[in-house]
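Here is a friendly walk through a few packing and pairing features of one model. Have the viewer open as you read.

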Amino acid sequence: MTSAKSARRPHHWRRDLIELAALFTAVAVADAIANLIGHQPDGPYLLIASAVALTATAAFHTWWAHRHSHAPPPDPEGPGVSHDPAIQPVAASDAPSPDAAAAETVLWRMRTTVRDAPGSLAALCIVLARHRIDILTLQTHPLAEGTVDEFLLRAPAALPAAQLTRAISEAGGSSTWIERADAHDLVDAPTRVLGLATRTALDAAELPLALRQLLGRCTIHSLPAVSITGRATGESAPVEGVLEETVMRLRDPSGGVITVERPYLPFTPTEFARARALVELDARLGPRVPRSEHVLTLPEGNAITVRRADRSDLEAARAMHDRCSEQTLRLRYHGPVRDADRYLDHLLSPRFGRTLAVQTASGRTVALGHLLWDGDETEVALLVEDDWQRRGIGSELLGRLVALAVEAGCESIYAVTQASNTGMVAAMRALSLPLDYQIEEGTLVITARLGATPVRPLPPYEQAER
């Protein structure tokens, strides 16, 4: 340790040279004085007095040198700490304490509007630095007047959101919006958009979910151009779409219109352009559903195949309807049995959700399970052919649909059935999730909260798709 420290201290050769010259000068002066006064009567006494004075002077010089050394101060931190004069150490009062360094932090997403003028962004950054907030990512959304700056921030957990909002307002920000973020938001915007585009390209049912993840908390409705009864709904949108502050309308590639609403925060032109690009990608790729499948064996020994279904399975689904009893169809569709076939075209469209089909070894479709996007909510529905009921197929389908809902980020699912449908009630209870029941005039709505208890992961054939 000593050698390491001494190696870093510069050798003051100029000072040594000056001291050596002074020494020789002093010797010469002393010799001259000795020759001058040494032969006088008081010469010896004067020499002794001079020696005492020189000794005192040398002692004083040694003491002064130790008190005011020109060497660098001892290094309190050990090797590796710079002594460059340009690098000033942090004062003890300014240095963060160990407790402050280990203080808990949280992630925030913040959006604010500033004037499009030099220094506007710098003023915001100064305010954030004053509150010890790290800027992790920054996006700018140019507007006709001003600019919307969107930040991902890491802030001290003790800092209230209201205080941060007031500080931003004082720095020139307006229409400030802030909400908690999570680790998923750490992905930069281009990477996130490319990932959403990839998911949309692989599966048409991903478009509503991709839009929701792209735009944050919003409500998405897919409104068909033709109703289930075959009547025109009048829902349409121009090819380029429509942006009206907190509402955007995009032309649905399968017909109709996709409406996206976010009342708490207006959409920017940049967000509108990204959403429209995703919809255009979906339109160019056309209908597509992953064709992977999973074979499993029922407790009784029969093998069945579970796979994704779409509108190409319409005829097989109608044939299954023909084999179902009126009671089974009534419990499923809650209305006249003659209208059951009309729902299939809607249910099998990937635009409105995901459908799983169960086939026997001979290729006959004997069950359908639907996971339907319903604005901010998600509905599950099951239909099992009479001859295949009470064999565990319904529970198997429901478990897989719940896994898909969890993977899609849904907070809850609900099932609408009749109070007399004991099979559906039993399947929901078998999920081991917290359930809420609402019953009105014989119609039972069962809601399961997905975030309360972990559910089983995606089945292997779904994991392969991801």
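## Two packed helices

Helix α5 (residues 120-130) packs against helix α6 (residues 161-170) at an angle of about 145 degrees, and their axes are 9 Å apart. Axes here are lines fitted to C-alpha atoms, for helices over the stretch in contact, with angles from 0 to 180 degrees between N-to-C directions. Helices (H or I, at least four residues) and strands (E, at least two) are DSSP runs, numbered from the N terminus.

On the α5 side the contact (heavy atoms within 4.5 Å) uses Leu124, Val127 and Leu128, and α6 supplies Leu164, Ala167 and Ile168.

## Model and numbering

This is a predicted model, where local features need pLDDT of at least 70, side-chain atom pairs count only at pLDDT 80 or more, and totals for chains, interfaces and linings use all residues. Residues are numbered from 1 along each chain as its sequence is written, and side-chain values use heavy atoms, leaving out hydrogens and water.

Gly172 sits in the loop between α6 and β4 (174-180). Leaving aside neighbours within four places in sequence, Gly172 touches Thr113 and Val114. Gly172 and Thr112 are 60 residues apart in sequence, with 9.3 Å between their C-alpha atoms.

## The four-stranded sheet

Four strands form an open sheet in the order β5-β8-β7-β6, with antiparallel pairing; two strands pair if DSSP finds at least two bridges between them. β5 (219-223) and β6 (242-244) are the edge strands, each with a single partner, so one side of each has no neighbour in the sheet. From one strand to the next, the twist averages 15 degrees.

Strands β7 (residues 247-251) and β8 (residues 257-261) are joined by five bridges, and Arg249 stands opposite Thr259 in β8.
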